[in-house]
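Please examine the sequence and the model shown below. The explanation that follows is meant to be read alongside them.

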Amino acid sequence: MTIPSDTPTLRNRWPIIAVIAAVAVIAGIIANKAVYRKNSDATATAQPTDAEKKQLRTLQESLATTAVFPKNFITVPAFSLIDQQGEAVTESLFKNQWSMVFFGYTHCPDICPMTMTIMNSVADELKASNTQALQVVFVSVDPKRDTADVLGNYMNFFNPTFKGITGKLADVLALTGKLGIVASYTTIEGTEDYLVDHTASMLLIDPEGRVRGKFSAPHKVESIVDDYKKILDNLG
Amino acid sequence: MNMNTTMSKTMKCLNTIALFCTLGLSQAAFADLPMISNLQVMAHPPGASVTAGYLTINNISDEPLVVTGASSDAVTRIEMHESAIKNDVASMIKHEKLSIAAGETMELKHGGFHLMLMDLVSPLMLGSTLAVTLHTNQGDIQLSMPVVKPGMSAMPSAKHGHGEINIGTPEPSDKP
């Protein structure tokens with residue numbers, strides 16, 4: 001059975017597409033309002049004031065490669081995963097300290113090791129300049145291969161103070177999905193191996209578990225340190 | 001006095017012959033083979049099965065250079081990959097060959113093209129060197145790639161291989 005080509009009739013379908021789009025937009029607004037109503041109960045996701053919005057705009061203009069978000073943007077949702085010691089980890093990991101979260105996988109030969117190395121230098125720089133420490137969290141988007149043991153070796157190699165997070169694939173993807181992080185899997189031809197495409201940015205989480213910054217790749221030690229310091233000065 | 005002059009003349013002559021020999025040899029052996037520099041293999045966490053290799057290839061010949069692959073006894077499979085970040089998504093693109101025009105240089109470096117070393121036969125120890133054969137249309141090139149810590153900047157490329165660890169030893173291939 002062949003799928004009929006709809007190219008010639010696409011023009012005729014525009015009104016239908018427009019209606020679907022409009023419905024989708026309205027549904028989105030309603031859903032957004034509902035989420036907002038739900039979130040607005042919690043102080044952690046309260047609406048920013050006008051002064052805060054202005055401060056955020058000024059801060060944004062001063063940053064090199066980072067996008068900053070208002071406090072009601074996204075809060076890390078509840079999750080249940082494990083760290084490199086096999087200990088249970090929940091959203092409370094992101095309480096009471098600033099965290100930088102990177103999403104990757106240990107079978108990644110180029111970008112992930114370099115990012116880990118860069119974050120190691122960032123940690124050193126922050127220490128040297130007496131800046132508030134940053135908890136570095138590596139969330140594996142390849143939990144099938146990245147067991148707690150594998151992550152333990154990985155973290156010990158780069159920096160044993162870094163937190164490696166893994167768990168059931170569905171649980172990892174539930175978390176990454178809510179944070180707007182993507183991961184997709186491609187088999188390497190002729191092998192059982194696969195590569196993982198994943199979001200290159202890192203997320204900065206504030207001590208109340210709110211996503212406050214998105215640090216864009218390519219990552220550089222200096223710009224990460226500078227942007228983090230500026231964010232601390234303004235939002236810390 | 002006379003003796004000294006003769007000695008000096010002889011030495012000069014010998015030096016000249018030696019120089020010609022060296023030049024002659026290097027010309028014969030390395031005339032058209034690409035210059036390889038900045039060789040690095042990333043040390044990896046224990047138990048890891050993959051890592052990356054980097055190098056700079058300068059095609060000094062008058063012909064296009066096509067790298068068709070690489071192999072090593074210590075690695076089950078080596079592929080040529082390119083890291084790319086598109087729409088904030090990091091991915092890797094596999095390349096079957098890398099073409100370098102006459103006189104051009106190609107850098108295989110972090111965040112771009114690299115050798116992807118897969119299924120390491122045994123761990124690559126920091127400070128050791130990995131023997132890799134680069135397969136090209138101009139013949140095989142034997143590389144001696146030092147295993148370094150990730151994040152270590154590439155060593156400056158030397159002009160000629162006087163035993164520097166970052167220099168590959170190009171050898172003409174027996175193959176046609």
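The secondary structure of chain B consists of one helix and 10 strands, where helices (H or I, at least four residues) and strands (E, at least two) are DSSP runs, numbered from the N terminus. Read from the N terminus, the elements of this chain follow the order α-β-β-β-β-β-β-β-β-β-β. The model is predicted, so that local features need pLDDT of at least 70 and side-chain atom pairs count only at pLDDT 80 or more, whereas totals for chains, interfaces and linings use all residues. Residues are numbered from 1 along each chain as its sequence is written, while chains are lettered from A and ligands numbered from 1 in the order in which they are written.

Of the 176 residues in chain B, 30% are buried. A residue is buried if 20 or more other C-beta atoms lie within 10 Å of its own, exposed if 12 or fewer, and partly exposed in between, with C-beta atoms placed from the backbone. Two residues are in contact if their C-beta atoms, placed from the backbone, lie within 7 Å. Among the contacts in chain B with a separation of 6 or more, 70% are between residues 24 or more positions apart.

Strand β2 of chain B (50–58) is mostly covered, with seven of its nine residues buried. Two strands pair if DSSP finds at least two bridges between them. β2(B) is joined to strand β1 (residues 35–42) of chain B by five bridges, and the two strands run antiparallel; here I36(B) stands opposite I57(B). β2(B) also pairs with strand β7 (residues 105–108) of chain B, antiparallel and through four bridges, and in that pairing I57(B) has M106(B) as its bridge partner. A further antiparallel pairing, over four bridges, links β2(B) with β8(B), where L115(B) is the bridge partner of G53(B).

Strand β8 of chain B, residues 113–120, includes D119(B). The phi angle of D119(B) is near 55 degrees, a positive value in a residue other than glycine. D119(B) counts as exposed because it has 12 C-beta neighbours inside 10 Å. M118(B) also lies in β8(B), but M118(B) counts as partly exposed, because it has 19 C-beta neighbours inside 10 Å. Apart from neighbours within four places in sequence, M118(B) is in contact with D193(A), S49(B), V50(B), V75(B), T76(B), R77(B) and E79(B). M118(B) and E79(B) are 39 residues apart along the chain, yet their C-alpha atoms are separated by 7.8 Å.

Another positive phi in a residue other than glycine occurs at N87(B), near 50 degrees. N87(B) is located in the loop between β4 (75–86) and β5 (89–95) of chain B. With 7 other C-beta atoms within 10 Å, N87(B) is exposed.

Where do the two chains meet? In total, 23 residues of chain B are in contact with 23 residues of chain A. On the side of chain B that touches chain A, β2, β4, β5 and β8 each supply at least two residues. β5(B) gives the most to that side, with four residues. The residues on that side divide into 13 nonpolar, nine polar and one charged; Ala, Val, Leu, Ile, Met, Phe, Trp, Tyr, Cys and Pro count as nonpolar, Asp, Glu, Lys and Arg as charged, and the others, Gly among them, as polar. β5(B) is also joined by two bridges to strand β9 (residues 194–199) of chain A, and these strands run antiparallel. In this pairing, V89(B) is the bridge partner of T199(A).

Within chain A, strand β3 (residues 80–83) and strand β4 (residues 88–90) run antiparallel and are joined by three bridges, with A88(A) as the bridge partner of I82(A). Their hairpin has four residues between the strands, and G86(A) takes a positive phi near 85 degrees there. β3(A) also pairs in the antiparallel sense with strand β7 (residues 163–166) of chain A over two bridges; in β7(A), T166(A) is the bridge partner of I82(A).Helix α6 of chain A comprises the 15 residues 221–235, which at 1.5 Å a residue should span 21 Å, and its end C-alpha atoms are 21 Å apart, in agreement; the expected span is 1.5 Å times one less than the number of residues. In α6(A), the buried residues are I224(A), V225(A), D227(A), Y228(A), I231(A) and L235(A). Their cover includes α2 (50–62), β1 (66–68), α3 (111–128), β10 (202–205) and β11 (210–215) of chain A. In the loop between β11 and α6 of chain A lies P218(A), and the peptide bond from A217(A) to P218(A) is cis, with omega near 0 degrees.
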